[in-house]
Amino acid sequence: MCAPPDLPVNLRGPLLYAPMQSLRTLGNGPLENLDEWDDFVASRYREGKSEDDFRSYSAEANPGVTEFYRQNHTHQTLDFVLERRAEFLKLSRGKKSIWEVAEYLNTLVDDSDPDTDLSQIEHLLQTSEAIRRDGHPRWFVLAGFIHDLGKVLCLYGEPQWSVVGDTFPVGCAHSDQIVFPEFFAANPDSKMPQYQTLYGIYAPRCGLDQVYMSWGHDEYIFHVTKNYLPEPAQYMLRYHSFYAAHKHGAYRHLMNEQDERMFEWVKKFNPYDLYSKSAERPNFKELRPYYEDLVAEFFPAQIDW
Ligand SMILES: [Fe+2]
Ligand SMILES: [Fe+2]
């Protein structure tokens with residue numbers, strides 16, 4: 001489908017990287033679109049839901065999401081993560097502005113339900129606008145506006161299971177606080193005794209910066225933007241899908257004091273990501289000058305991706 005009618009007219013411009021395509025046609029996994037995962041997480045943590053409810057997911061009710069997690073938990077090994085980091089953290093995919101990547105990401109629009117699905121930029125704006133309405137600092141609003149730009153990995157041809165999904169440390173025992181923990185049985189690292197102890201390859205309380213997280217859009221956008229953002233924003237971007245830690249308190253044995261402090265910010269950020277979604281489309285035309293100033297305040301014209 002085309003971009004929704006009130007979407008960033010001046011963002012459309014000539015398409016810089018790829019013809020308009022949808023995740024449906026990208027066909028890179030069992031999800032109909034990446035939002036299906038985001039929606040599943042939001043329903044999992046629906047406000048007011050009890051802890052017990054969190055654990056009861058019906059595979060039948062969510063076949064695409066269930067298959068997605070099966071793939072994610074099967075293939076996210078330490079070797080895979082190291083290989084992906086070596087490939088993508090060189091940041092050798094060229095210099096682009098935040099706006100160019102936002103425009104590019106916006107080509108990820110689902111075909112299936114053009115009237116209700118929000119574009120990627122609209123999700124970013126709903127998140128950042130909710131943060132702004134609550135009077136948070138400008139860097140916090142900016143974190144909301146850019147937090148999912150790492151999903152551009154999908155347009156680099158990465159499969160869905162290596163772009164989205166709850167993230168978790170690799171190289172040590174998988175917490176049973178991770179959604180669908182039973183799927184880790186098929187992960188080759190589960191057969192590696194050295195990766196299956198509580199600490200695995202890590203030292204106690206070594207700090208999350210020393211820990212390899214499963215590969216996805218969080219780690220990528222953190223590395224792309226880290227030099228330009230204050231530390232709390234870096235944590236928000238890097239760990240926003242690390243639900244086992246920020247929702248369930250797992251992996252404290254790998255966190256140091258700085259992580260503990262900074263996770264208070266990750267927890268502050270999380271509800272804006274989960275609960276700001278609404279059918280009301282943000283008016284990007286009106287909002288654009290504010291966001292142009294905001295992006296220019298923190299970022300140079302182009303950065304390495
Ligand atoms: Fe995300
Ligand atoms: Fe998000």
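Which residues have the most contacts inside the largest nonpolar core? They are Val101, Ala143, Met236 and Val266, in a core of 63 residues, where a nonpolar core is a set of buried Ala, Val, Leu, Ile, Met, Phe, Trp, Tyr and Cys residues joined through C-beta atoms within 7 Å. This is a predicted model, in which local features need pLDDT of at least 70 and side-chain atom pairs count only at pLDDT 80 or more, whereas totals for chains, interfaces and linings use all residues. Residues are numbered from 1 along each chain as its sequence is written, and chains are lettered from A and ligands numbered from 1 in the order in which they are written.

**Confidence**
- The protein chain averages a pLDDT of 87, with 84% of the residues scoring at least 70; pLDDT is the predictor's confidence in each residue, from 0 to 100.
- Over residues 1–27 pLDDT stays under 50, and the model has 49 contacts beyond four places in sequence for them; residues 110–115 also stay under 50, with 13 such contacts.

**Overall architecture**
- The protein chain holds 14 helices and two strands, taken as DSSP runs numbered from the N terminus (helices H or I, at least four residues; strands E, at least two).
- Of its 305 residues, 42% count as buried, a residue being buried if 20 or more other C-beta atoms lie within 10 Å of its own, exposed if 12 or fewer, and partly exposed in between, with C-beta atoms placed from the backbone.
- Among contacts with a separation of 6 or more, 79% join residues 24 or more positions apart, two residues being in contact if their C-beta atoms, placed from the backbone, lie within 7 Å.

- Beyond its neighbours within four places in sequence, Val101 is in contact with Lys96, Leu149, Val152 and Trp305.
- Helix 5 (residues 63–75) has 13 residues and end C-alpha atoms 18 Å apart, which agrees with the 18 Å it should span at 1.5 Å a residue, the expected span being 1.5 Å times one less than the number of residues.
- The buried residues of helix 5 are Val65, Phe68, Tyr69, Gln71, Asn72 and His73, and these pack against helix 3 (34–44).

**Positive phi values**
- Most residues other than glycine have a negative phi.
- Phe180, in the loop between helix 9 (138–146) and helix 10 (217–225), has a positive phi near 50°, and it counts as partly exposed because it has 17 C-beta neighbours inside 10 Å.
- Tyr251, in the loop between helix 12 (243–246) and helix 13 (257–275), has a positive phi of about 65°, and it is buried, with 23 other C-beta atoms within 10 Å.
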